[in-house]
Amino acid sequence: MCASTPTIDCEYDAVVFDNDGVLIERTDRQRLIEAVYNSFDEFDVTADEAFVQRCIHEDRVPIDEVYDRYGLDPEEWWPRQEAHATAVQRVDIRTGRKALYSDVDALRDLTHTLGLVSNNQHKTIEFILNHHGLMDRFETYYGREPTVVGAHRKKPNPHYINRALDDLNTNAALYVGDSEKDIIAAERAGIDSAFLRREHRLDLSLSAEPTYEFPGLRSLVNELTST
């Protein structure tokens with residue numbers, strides 16, 4: 001790992017990006033809540049609001065509680081929730097409600113090998129990359145698998161970052177994210193991190209320290225291409 005510095009003075013051979021809040025706008029929380037309710041509707045179950053909110057806001061989704069609360073098999077319910085979450089996001093991506101950030105075009109200036117690791121669903125990530133013509137830009141990409149195990153492997157668990165690093169066969173990688181869990185996951189994977197303090201993160205206080213901090217992708221890319 002390179003020492004923490006205000007500018008990048010380390011040569012990376014790979015850069016791995018988070019997705020939501022980094023490459024594309026975050027999904028409206030109300031849309032994700034709608035998806036959770038839709039998944040329960042499939043089983044003719046009415047979920048209480050507090051539980052639905054926990055499904056959206058907690059890092060560890062309370063999947064294991066659905067049997068005790070609602071008599072549902074978590075292994076049956078969770079994939080349906082994931083499918084509904086992907087469905088509402090596809091609509092928002094097609095309509096531009098969930099849009100790419102304008103500085104994503106800066107990635108074309110990078111000569112590094114690129115990867116993508118997100119806490120979003122893998123099928124959602126595939127749709128985004130295909131819809132926006134970015135599939136060929138990334139050597140590897142991971143979203144969470146639509147299983148209970150996949151949900152438990154969300155960042156800050158470094159599982160998917162480690163898989164991407166193996167795919168890229170990298171000796172020195174940088175992970176770019178917009179949340180504290182991104183920084184922690186990178187640290188657990190043994191690589192450096194760059195925190196993007198976009199507008200939605202201006203007031204965020206971090207208890208984990210990233211290696212670098214940038215306001216957006218253009219300034220990050222400028223530093224990476226100047227080393």
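**Reading contacts, cores and a pocket**

Mentor: Start here: the side chains of Ser39 and Trp77 make a polar contact of 2.9 Å. Keep in mind that this is a predicted model.

Trainee: Where is Ser39 found?

Mentor: Ser39 is part of helix H1.

Trainee: Is Ser39 buried or exposed?

Mentor: The general idea is to compare relative accessibility with a cut-off: under 20% is buried. Ser39 counts as buried because its relative accessibility is 0%. Leaving out residues up to four places away in sequence, Ser39 touches Trp77, Arg80, Gln81 and His84.

Trainee: Which side chains make polar contacts with the side chain of Thr27?

Mentor: One is the side chain of Gln89, at 2.7 Å, and another is that of Lys98, at 2.9 Å. Thr27 is located in the loop between E1 and H1, and it counts as buried because its relative accessibility is 12%, which falls under the 20% cut-off. Beyond four places in sequence, the residues in contact with Thr27 are Asp20, Leu32, Gln89, Lys98 and Asn120.

Trainee: Now the nonpolar cores. How many residues does the largest one have?

Mentor: A core is read as buried nonpolar residues joined through their side-chain atoms. Here the largest has 29 residues, and Phe17, Leu23, Phe138, Leu174, Val176 and Leu220 have the most contacts inside it. At least two of its residues come from each of these elements: strands E1 (14-17), E2 (113-121), E4 (173-177), E5 (192-196) and E6 (212-214), and helices H5 (122-131) and H9 (217-226). H9 gives the most, four residues.

Trainee: What does Phe138 touch?

Mentor: Setting aside residues up to four places away in sequence, Phe138 touches Phe17, Leu23, Leu107, Leu114, Gly115, Leu116 and Leu129. Another core lies apart from the largest one; it has 19 residues, including Ile33, Val36, Val61 and Trp78.

Trainee: And the largest pocket: how much space lies in it?

Mentor: About 850 Å³. For a pocket, look next at the lining: it has 34 residues, and the closest to the pocket centre are Arg29, Ile56, Asn119, Lys154 and Lys181.

Trainee: Which elements each supply at least two residues of that lining?

Mentor: Helices H1 (29-41), H2 (49-57), H4 (74-95) and H8 (180-189), along with strand E2.

Trainee: How do the lining residues divide into nonpolar, polar and charged?

Mentor: The lining of the largest pocket has 11 nonpolar, nine polar and 14 charged residues.

Terms used:
Residues are numbered from 1 along each chain as its sequence is written. This is a predicted model: local features need pLDDT of at least 70, side-chain atom pairs count only at pLDDT 80 or more; totals for chains, interfaces and linings use all residues. Side-chain values use heavy atoms; hydrogens and water are left out. A nonpolar core is a set of buried Ala, Val, Leu, Ile, Met, Phe, Trp, Tyr and Cys residues joined through side-chain atoms within 4.5 Å. Buried means under 20% relative accessible area, exposed over 50%, partly exposed in between (1.4 Å probe, protein chains only). Contact means heavy atoms within 4.5 Å. On a 1 Å grid over the protein atoms alone, a cavity is a set of points where a 1.4 Å probe fits but cannot get out, and a pocket is an open set with protein on both sides within 12 Å along at least five of seven lines; lining residues have an atom within 4 Å of a point. Grid points are joined across faces, edges and corners, and a volume is the space filled by probe spheres set on the points. Ala, Val, Leu, Ile, Met, Phe, Trp, Tyr, Cys and Pro count as nonpolar, Asp, Glu, Lys and Arg as charged, and the others, Gly among them, as polar. A polar contact is a pair of N or O atoms within 3.5 Å; within protein, one must be able to donate a hydrogen and the other to accept it, and residues adjacent in sequence count only if both atoms are side-chain atoms.
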